Amino acid sequence: MNFLKRIMLPLVVALMCLTSATSAMAQGSKTWMPEFNPEKHVYIDSRLENHSSRPLSLPSLPAEIEHAQRVHNLKIFVVATEQGSDASPGPTLAADKLDQLILKWRSNPNFPVDDYLIVMWVRYKDDPVRGSVAANGGNRLRAYGMSAQHFAASDGPLIPVLKQHMRERPEVALSTIITNVNSEVSAAIAAQKSALERDEALKELPGILLFWGSIIAGLLLTVWIGLRFYTARSSMKSRLNRFENELNDITEGLADLKGKHGKFLKAQTDWETRFKGDSLKKLRSGLTAYSELLAIAAGASKRLAEVRRAAGKYWFPRIQGSLDASRLLVEDDIVVSSREIELEMATLFGGLTIDKKVAPGDIKSSARALNATADSLLTEIEDKLALVETTSATVGSVVTWCRDQGASLEQEKLSLAPYEDDIAELEQELATFKRDAQHNPVALVLEAPTLSGLSTKLKTRVQRALTLAAELERDSKTLATHIRAIEQLRATEVEYLFPGASRKGSTRTYQLTEPGGDPDDTLHEVGGLLMQAFDKLAVGDQDGAHAAMEASWAKRAEATALVKTFFAAKEAVERDLHLVATTRDALTEELSAANTAIERLKSDFVAINFPDAGAQYDGSREIYDGAAAALNEVKAAYDKQHYLQSARLLAELLADIELARQDCTEVLDQLELLTHYREEARTLVSESRTLLGPLAPKLKEHGFTTSKEVDQRLAAASTEVAQLELIVPQAIADWVDAHTRATALKQELSDIDWACDQELALYEEAFALVGSLPADVESAFLTINAVTLQPARDAHNSAVSELEGLACDIDVPKSDWQRLKARAESAHALCQTCRNQAAANDAQRHGAAINLAYCKVRSRRFARRKHKHLTEANRLYALASAAFARRDWENAFKLANAAFKEFLKFDRQIKRRNATLVVKGAPGGGSSAPPSASGSQTSSDDGYSAGIAVAIGMSMGSGNPTPSTGSSASSSTTTTPSYTPSSTPSYSSDSGGSSFSGDSGGGSFSGGSGGGEY
């Protein structure tokens, strides 16, 4: 049976492919391409008009086109056709078909090559709701920028309209597209018109400028003298105004400086003897800058008077006065001398003298720098002196305040003695600071922060002593309050609330003497800590006093919490005691059930399955029996007011009872679980036997594909079933182990069944791939020809080698089918690689023939000529290019060859006519052509024929070119083509359609159709 599969499978597949291809060829029909009619502007495919579900009719479109044509004198055509078998749906379908239609129409001499717009709609055959639309315009529209890219753009005249109207209102969509194109043409024409008007205006501009230039030149000569005077005068005044403004700024700065530091300087007439060190140095620098600033102001005022005198010497039209004044304001230096300072101010500077020169342009910057220096240094001296006074006053007030606090400390039974040494040291430091800082405040003021820090530290210590003393007093009163509260509590009668018991034997008032529950000891510790804090504070140990106080606070809180815990324990006993009776009653019933379960476990199961059940039951019984005695201990502690102990004993008793109940529940759970294991183990073994029954025959039937591992697993599973079948009928057994083994056994049998099916499926897949491999190898071999390169041949040879190995390996039983499947897939991939590379070689081979045809048809000598043979050559070449784009190599070559023949016919007629003209125009007349003309004709024909022969030989894969019709045998064997193309032929994709270039009827056409689908 497997042999028949391997033989018949490739034949069946080949037959199916042949039937499918024949059916497709029989059913196909080409896309309708109408003949050109200059009087007809709307072409509709009859298949669209007679469509069963969506018939097409465009009744109003012709009239709209007639109106639109008159706007810009365009010839507008709309073609609606249905997709045929020669095309596939896609965004560029209409663009490709429109390029082919234009090539067809251009052969008609009445076709308007420059002024046309064609909109082509290709509706999909299998989906009439969708389709593809493209547009193409003549040379004039392309000059306006309406290329294929523009028609295919998302914001162009087509795509938005298609998305909005084409599905439901195609007539509106087509009309809107035409309107959009007319609108864009109008905009382009308007832009061109605006550019022309702008160019005309620019041409007239030079004459206008020459006329007015002559007039202005005369006026300039007349005005020059006046401008010369007023320019010099204006420049001088501008400099004078700037100088006056700078002098005013200097004067205002001096006024501010005097108002800020005048009082201080008048008070420091003895500054040269009073100040020392850094203070003297900085004060001298500040006064020097101040005096120099006064001298600059005096010199500038004197220069201002000189400028005004020089400016008033000459009048119009002489400019010498302005020039002299400008020189004084710009070039001549100003003398700066302390002799120019007023006597009242000079006395403040002592023996300071100044004698220098400053450029007029530098007085502002110099004065600004001197003002800043003087102000900064004098301000620093004044601030340091003020800081000395402030520090002295502040420290003195701290000393006075500390001595005044002695009385406050004595009221708290403390004294100022621990702080007397610090106070005396601060007084001595203050006196030294005040003495030295008067002579050198700049240096001594650095000690002010240290002195202030000492005073602040001393004041803080004294303040903290007072604060701690007040807190000690407050804590002592709080301790007394706590002691009185405990005494009042001990005098309070006890409320006896033990459930189910009388007050007999219990005390009448609270004792608060339970070990660990007596607050007196803690309160005594609080008192000792407060006394310790007072002793430390008396000797000035403030940190020690504060630490003792914090410890007293913690102990006081501990005593308060102890009393709260005492009463909380009493309430817990009174609240939870009833739980003992409730849980003990529940335990009684659970113990009875657990006892019964123990007896069943011992009688029906092995001891290893319930190792802890007996101990759990015995422990629960022990707790139950001792519950009464434990409850008496709880009451005895409660009667002695040992509430903490009573609450603890009650909590332990309740916890023990809950533990005993949990143990009883676990015993019952063990019995239930073991019973479940026993029943389920028997069921699982029975189900495993049922699964095992058909597995053995199944593995035997598929023994060829099933692996040895699966066979071994089945044998082990059969043994396990037999062993478990001996165990599960027994009354007593290890049911935990039996249940575990039975569960694993059932899962293993299911896994074996799945593995068997999986290996069978892998075998069938591998067999199918190997069976189809011979046909695939043969198909790859058929693509190899003389021009196929070695990589494709190597891929085919590798596939053949792999086929030979697989043909043997697929018949080996229990093989690794997964690996064989991967090998077969790899071999198929090698066949596909061979086909792809061979196709690429064919594309290059046939591309050479197409390129040669392109070079001949595009020869520049005939680019603008009209001739029936040349037109036919262009048409055939366009069809050859389209076939080449579809990878239809054979038809492409045939059409290119036919284009060559048409071109040769045209070439021969042109050469004959040229030869006739030469003969008629020669001296002496005559009607016979010279030998050279005839020889040229023959040579040219033979060269072209040899060229096409070479192209034919290349496309057929033959090393010996075959001459075309009309060539002699001798020329075909001895002549080699000598024609070299002047440009490289091109083939490119343009907006989803083929792009070709060619000449026809005096106009050029480039495949410029663009559009999209909706």
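This is a predicted model: local features need pLDDT of at least 70, side-chain atom pairs count only at pLDDT 80 or more; totals for chains, interfaces and linings use all residues.
## Ground rules

Residues count from 1 along each chain as its sequence is written, and side-chain values use heavy atoms, leaving out hydrogens and water. Local features need pLDDT of at least 70 and side-chain atom pairs count only at pLDDT 80 or more, while totals for chains, interfaces and linings use all residues.

## The cores

A nonpolar core is a set of buried Ala, Val, Leu, Ile, Met, Phe, Trp, Tyr and Cys residues joined through side-chain atoms within 4.5 Å. Buried means under 20% relative accessible area (1.4 Å probe, protein chains only). The largest core here has 92 residues, and Leu 537 and Leu 601 touch the most other members. Helices are DSSP runs of H or I, at least four residues long, numbered from the N terminus.

There's also a second, separate core of 40 residues, with Phe 275, Leu 294, Leu 329 and Ile 334 among them.

## Helix H22

H22 covers residues 627-639, and its end C-alpha atoms sit 19 Å apart, which agrees with the 18 Å that its 13 residues should span at 1.5 Å a residue. That expected span is 1.5 Å times one less than the number of residues. Its buried residues are Ala 627, Val 634, Ala 637, Tyr 638 and Asp 639. Just after H22, Gln 641 takes a positive phi of about 65°.

Methods: Buried means under 20% relative accessible area, exposed over 50%, partly exposed in between (1.4 Å probe, protein chains only). Helices (H or I, at least four residues) and strands (E, at least two) are DSSP runs, numbered from the N terminus.
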